Amino acid sequence: MVVARLTAAVICGGAKLLTGVRAVWCGCSPEPRRRVYFANHTSHGDFVLIWASLPAALRHRTRPVAGADYWLAGGLRRFLVERVFRAVLVDRTPGAVPAGRNPVHHMAAALDGGDSLIIFPEGTRNLGEGLLPFKSGIYHLAKVHPEVEFVPVWIENLGRVMPKGSLIPVPLLCSLSFGQPLRIAPEDDRTSFLARARAGLLDLAPASD
Amino acid sequence: MTAQQTLVAVFAGVFATLLVASAIAALLRWRLAVGAASATIDNLDARIKAWWVMIGCLAVAFWIGPAGVIGLFAFISFQSMREFISLTHTRRGDHRALLWSFFFFLPLQYFLIGIDWYGLFSILIPVYAFLLLPITSALGEDTTRFLERAAKVQWGLMICVYCLSHVPALMTLEIPDYEGRNALLVVFLVLTVQSSDVFQYVWGKLLGQRRLSRNISPSKTVEGLVGGVLTSTAAGVALWWMTPFLPWQAALVALAINVLGFFGGFVLSAIKRDRGVKDWGHMIEGHGGMLDRVDSISFSAPIFFHIVRYWWVP
């Protein structure tokens, strides 16, 4: 327990030192509500940055959603993902997903338990600019829990700190922009909700070159 | 007075000025109606507090000695370059160039100043980094906006590392009859140029009418600029006794570095304007980022270094 807490403190401190991360709450404020934070995915460190930037009270009730295939391989990763981050582990192998092991089911269960979530609707790291098309998990989750707020979070610069294939990070300044929360409306279908979520996230991105 | 005593006296004077400034700010706040808020006074308070911290850090660095000044400016360069590169888009192909910039060229530049190897520290970045970094970027096989990206990295290194490193480089100059007093040259430069910023702000608030440049600096005025540069040049002349210059020489030098200091802020504002931001960062409350504070020094330091070197070092 103590080791987990200490590791969490070290990780948060390290992330803030390396990236000088600044959380800008432009569309909402850090209230202790059940929320699903959804963000653009450019680096393995994405959820760590969001998680580390939340105020401590919110951080203890916010769980990142992570891929079981990657994180359960190896003792250190297991420790980090289960004890330190308290992540919701989902099975990402497409196709063979038996009933009850559905990712949305796991995420909804976490929300039932009163926790907030951090998810990445693009599904995989985007190595280019802009956003990849969203996967539908976020839509299905919103349908199961229509009362929960979905907060877009734009992560800036983290993809440049340690791009794919590099070992040493460049100490650039990263920023997190927390935007206007959205809720699924009764008339929303998959396309319209995903479009709204995508637009909400793109709105937070700074003007590109 | 020995150099050490002069330094202590100068810093005492600066702290006394800060006390007066804090008192004036407190007075202005007290005269405000109870409960009323004023963004200007809040900003003034934040700026003065930040000045206390910055002058304090400078004092500690001088107390430690030349190593302290080098260490302080290495940190300032590091933070400034972080802010500069963060705001200018580079791509994955530039990752190695950035690593070289942060972890090789920056420490090497300051190390060379530490060992006083003028022949190399004066050309390391304009020649070696300029040639070698585009090579690493080209090897990254990404040609999208290649020239732009290579130029951005070089600019970052030049402004944030090369130019700023000329401040501690002043400590290496061998000026006859001025041995051991080089720290005062650094103080002269920093005080004159930074006071120019402060006076431009004050005169701008008091008398500002005609806008200087709508596109680049919406809040700067002609009155602020002229008043600020003239006042800070006068301040530079008033400090002639701690430099190797005669009063008329101090006036010309101070004028040169103040004008350059203004243009340093101006050019970097043009870059910020293009990115659509007002500040380079948020490290220093009331001022913005580190680079917002040292942009004027970055333009004036190399010129000051070379003026002194050309005219006063045989």
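Okay, let's start with chain A, where 7 strands make an open sheet with mixed pairing, in the order β1-β7-β6-β2-β5-β3-β4. Strands here are DSSP E runs of at least two residues, helices are H or I runs of at least four, both numbered from the N terminus, and two strands pair if DSSP finds at least two bridges between them.

Before I go on: this is a predicted model, so local features need pLDDT of at least 70 and side-chain atom pairs count only at pLDDT 80 or more, while totals for chains, interfaces and linings use all residues. Residues are numbered from 1 along each chain as its sequence is written, and chains are lettered from A and ligands numbered from 1 in the order in which they are written.

Now look at β4(A). Its partner is β3 (residues 62–67) of chain A, parallel over 3 bridges, and A:Leu89 in β4(A) stands opposite A:Ala66. Helix α6 (residues 103–112) of chain A lies across β3, β4 and β5 (116–119), at about 170° to β4(A). Contact means C-beta atoms, placed from the backbone, within 7 Å.

On to chain B: domain 1 (1–64), domain 2 (72–172) and domain 3 (173–314), with bounds from an automatic or database assignment. The C-alpha centres of domains 1 and 3 of chain B are 18 Å apart, and their contact takes 11 residues from each.

How values were computed: Two residues are in contact if their C-beta atoms, placed from the backbone, lie within 7 Å. Axes are lines fitted to C-alpha atoms, for helices over the stretch in contact, and angles run from 0 to 180 degrees between N-to-C directions.
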